[in-house]
Amino acid sequence: MSVLLAIPAHPAIPFALSLDFFTAISFWTGVGILAGTYTLLALGLQLNVGFTGIVNFGAAGFMAVGAYAMAILVVTVGLSFWLAMPLAVLITMAFGLLIGLPSLRLRADYFAIATIAAAEIVRYTAQNARGLTGGNQGFFCNTAQTVCFDDTWRSVSDTIEGWLKSAGWSNPEALFPLLLVVWLCVGLAVVALHFAQRTPWGRVLRAIREDEDAARALGKNTLAYKLQSLALSAALGALAGFFLALDLATVHPVDFQPLVCFIGYAVLVLGGLANYWSVAFGSIIMWTILEGTRFLNLPITDEQNAALRFIIVGLTLILLMAFRPQGVFGKKEEMVLGE
Amino acid sequence: MPTVEAGTARDALREPLVERLRRAEPVRLASSYPERTAVLVIALFVAILVARYGVHDVAQTGLNGLSEGSVYALGAVGLTLVYGILKLVNFAHGDFLTFGAFMAYLANVTWGGPLVVGILFAMVMTALLGVLFERIMWGPMRERGAGLLQLLLMSIGLAFLIRYSIQYAWGTEVRSLDVNSFATVQFLGLRIGRTELTVIIVGFVVLVAVGLMLRYSLLGKQMRALSDNLELAEAAGIDTSRVVLYTWLFAGALAGLAGVLAGAVTDLEPELGFGLLLPIFAAVILGGIGDAFGALAGGILLGLVIEWSTLFIDFRWKTAVGFVVLILVLIVRPQGIFGRARTI
């Protein structure tokens with residue numbers, strides 16, 4: 001993942017533990033954007049795993065389909081950014097349904113394997129269908145360099161920057177507008193999901209999680225509900241994909257490895273299951289730690305530093321599952337994904 | 001499959017046993033002879049390929065497929081037994097392969113030992129790695145009655161831990177074992193790298209040994225019995241904790257071997273095993289999850305299908321072919337191509 005393997009700003013000097021970065025606005029802007037992006041991704045996982053009881057390991061595929069669909073619609077097809085985004089969300093939802101329709105009938109562990117395989121097919125397609133996706137060169141502009149997928153976003157970003165300046169911030173952080181928009185989306189999504197969960201629809205999802213046979217016995221078409229849950233999660237994944245692409249200013253297959261989905265799971269279980277607000281909390285903590293390790297001048301190479309971050313992700317997953325499977329804010333009684 | 005005397009077991013389990021025995025009776029669905037149907041379909045596929053591309057090309061790609069397939073099969077046996085016996089979908093299994101490959105690198109390149117020593121060292125160390133995590137992680141978690149999601153995410157955490165500890169220690173630069181990857185062997189007009197040929201031979205010798213051991217040895221029978229029905233096996237007096245331990249030793253050693261073979265054919269890097277994990281899952285599911293013989297056959301078959309696919313699909317897509325096979329099997333025959341319908 002290019003964003004994660006990027007070279008740290010400071011060269012590794014033997015044991016000069018400087019915490020200056022902790023007060024730098026650029027550090028928190030970077031952390032905030034990543035945390036917001038992964039919150040959107042993990043909200044989808046929360047809907048699937050925490051509230052419907054389906055273990056979706058294919059979220060990285062949703063991000064990839066969303067980001068590529070948006071970029072291709074803007075650059076290759078020539079649609080406006082504002083039309084391309086909703087269309088890309090719809091395409092990703094359709095992809096989610098396509099995956100879910102045959103595989104949601106399977107047992108939970110088979111479903112997990114099927115979804116990760118589907119996400120990997122997307123990534124290999126992105127790598128190999130060079131004419132469509134630019135392959136391993138990444139996808140950004142057309143060959144003539146006249147149209148880029150984030151042209152419209154840049155002008156929006158400039159407008160927001162203008163507002164910030166007129167509000168008295170003389171030299172705003174370049175990515176600060178993205179941070180604002182990401183968290184605006186996160187806020188809207190959390191509120192919407194929170195209330196959706198209290199509707200009869202949301203209660204059926206929980207019923208399916210608790211006992212699918214019972215829900216079916218009550219005459220509910222459980223497959224349809226599970227598909228809706230998966231499609232909504234796909235839509236959230238597409239949003240996360242847009243923001244990842246805008247943040248990195250490219251769409252590249254390497255940014256959609258299964259790893260991305262598993263970091264999403266670490267975020268999810270850190271915050272806690274069956275709670276939407278906690279996802280944002282988990283994401284901020286996780287990304288503060290992950291980005292923080294890049295700026296602590298540990299006496300190790302950059303490569304070791306990158307490895308260390310994923311060792312942290314792995315340990316987080318293991319220790320949480322061993323000692324606090326419901327996460328920090330999760331409810332133990334809602335942790336029913338047993339046998 | 002369960003050959004336990006119902007009488008002794010009934011006392012131990014009373015009610016549930018009756019249900020379990022009833023369920024254990026083979027339920028035959030679409031085809032009453034899945035093995036025959038599978039063999040027939042495969043034979044037809046090969047016949048079409050031969051008619052279209054000629055014997056030479058099919059044999060040549062088939063040879064490559066056997067080399068790839070033996071790696072998958074070795075990885076798949078351990079994964080499927082661990083699933084069958086512990087109901088654990090071990091996402092860290094691929095990284096066991098990586099661990100094995102790097103242990104062989106340590107013995108073979110860093111210490112300068114012969115490759116055979118490297119292979120044995122890799123098998124021993126990976127087997128111990130399996131037992132280590134059984135002792136400190138999986139065993140305690142089972143006692144606490146951990147749920148599916150907990151175990152899944154733990155195995156993913158473990159995968160990260162192993163993979164990135166390897167990256168921490170060895171970095172991401174591509175390394176090779178001390179093998180001559182240029183020497184080729186020619187026979188019957190076919191060409192194969194000497195390393196690949198060694199992989200096929202070693203792979204097949206070990207796979208046959210594994211098959212015989214599972215079929216005839218007491219331990220093998222106990223493993224299959226546990227994989228088939230843990231409670232019944234326990235009720236029949238099998239020391240399950242001992243078998244569980246041997247299963248991890250067995251799965252680890254085979255994963256270590258598979259990792260060395262994969263690393264000998266290609267290169268060593270920390271993502272080596274994770275890249276093999278999904279094809280190994282595909283092999284496991286092809287053969288019917290929990291079925292050790294099925295995993296052997298599934299691995300070889302998958303290797304063949306992937307390599308044969310390069311005859312009519314650009315070779316760049318061959319990794320994706322494995323995933324498509326995985327999804328198709330899950331959709332069409334989740335019980336595996338040789339398996340009979342069970343609880344899926």
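Let me start in a loop. A:Ala274 is found in the loop between H12 and H13 of chain A. Alanine 274 of chain A has a positive phi of about 60°, although it is not a glycine. Remember that this is a predicted model.

Is A:Ala274 buried or exposed? A:Ala274 is buried, because 22 other C-beta atoms lie within 10 Å and the cut-off is 20 or more.

A:Ala249 lies between H11 and helix H12 (258–271) of chain A. Phi of A:Ala249 is near 60°, again a positive value in a residue other than glycine.

A:Arg294 sits in helix H13, residues 277–295, of chain A. Here is a charged side chain to look at. Why does A:Arg294 count as buried? Because A:Arg294 has 22 C-beta neighbours inside 10 Å. A:Arg294 and A:Glu212 are 82 residues apart along the chain, and their C-alpha atoms are separated by 44 Å.

Next, chain B as a whole. Chain B has 13 helices and two strands. Chain B has 344 residues, and 51% of them count as buried. Take the contacts in chain B with a separation of 6 or more. Residues 24 or more positions apart account for 77% of those contacts.

Let me zoom in on H13(B). H13(B) has 15 residues and reaches 21 Å from its first C-alpha to its last, close to the 21 Å expected at 1.5 Å a residue. The buried residues of H13(B) are B:Ala320, B:Val321, B:Gly322, B:Phe323, B:Val325, B:Leu326, B:Ile327, B:Val329 and B:Leu330. What covers them? The cover includes helix H4 (81–103) and helix H5 (108–128) of chain A, together with H11 and helix H12 (292–309) of chain B.

Take H5(A) first. H5(A) and H13(B) pack at an angle of about 150°, with their axes 9 Å apart. The two helices are therefore roughly antiparallel to each other. H5(A) passes H13(B) in a left-handed crossing. From H5(A), the residues that meet H13(B) are A:Tyr110, A:Ala114, A:Ala117, A:Ala118, A:Glu120, A:Ile121, A:Tyr124 and A:Thr125. From H13(B), they are B:Thr319, B:Ala320, B:Phe323, B:Val324, B:Leu326, B:Ile327 and B:Leu330. The residues of this contact divide into 12 nonpolar, two polar and one charged.

Now H4(A). The 23 residues of H4(A) should span 33 Å at 1.5 Å a residue, and the end C-alpha atoms are 33 Å apart, which agrees. Buried residues in H4(A) include A:Ala84, A:Met85, A:Ala88, A:Thr92, A:Phe95 and A:Ser103. What do the buried residues of H4(A) pack against? They pack against H3, H5 and helix H11 (222–248) of chain A, together with H13 of chain B.

One of those partners is H3(A). Helix H3, residues 59–77 of chain A, packs with H4(A) at an angle of about 145°, with axes 8 Å apart. The crossing of H3(A) and H4(A) is right-handed. Among the H3(A) residues making the contact are A:Phe62, A:Ala69, A:Met70 and A:Leu73. H4(A) answers with residues including A:Phe81, A:Met85, A:Ala88 and A:Phe95. By class, this contact has 14 nonpolar, three polar and no charged residues.

Last stop, one side chain in H3(A). A:Met70 lies in helix H3 of chain A. A:Met70 is buried, with 28 other C-beta atoms within 10 Å. A:Met70 and A:Ala88 are 18 residues apart in sequence, and 5.1 Å apart in space, C-alpha to C-alpha. Leaving out residues up to four places away in sequence, A:Met70 touches A:Ala84, A:Met85, A:Ala88, A:Phe149 and A:Phe242.

Key: Residues are numbered from 1 along each chain as its sequence is written. Chains are lettered from A and ligands numbered from 1 in the order in which they are written. This is a predicted model: local features need pLDDT of at least 70, side-chain atom pairs count only at pLDDT 80 or more; totals for chains, interfaces and linings use all residues. Helices (H or I, at least four residues) and strands (E, at least two) are DSSP runs, numbered from the N terminus. A residue is buried if 20 or more other C-beta atoms lie within 10 Å of its own, exposed if 12 or fewer, and partly exposed in between; C-beta atoms are placed from the backbone. The expected span of a helix is 1.5 Å times one less than its number of residues. Two residues are in contact if their C-beta atoms, placed from the backbone, lie within 7 Å. Axes are lines fitted to C-alpha atoms, for helices over the stretch in contact, and angles run from 0 to 180 degrees between N-to-C directions. Angles under 35 degrees count as roughly parallel, over 145 as roughly antiparallel, 65 to 115 as roughly perpendicular and the rest as oblique. A crossing is left-handed if the near helix is turned anticlockwise from the far one by less than a right angle, and right-handed if clockwise. Ala, Val, Leu, Ile, Met, Phe, Trp, Tyr, Cys and Pro count as nonpolar, Asp, Glu, Lys and Arg as charged, and the others, Gly among them, as polar.
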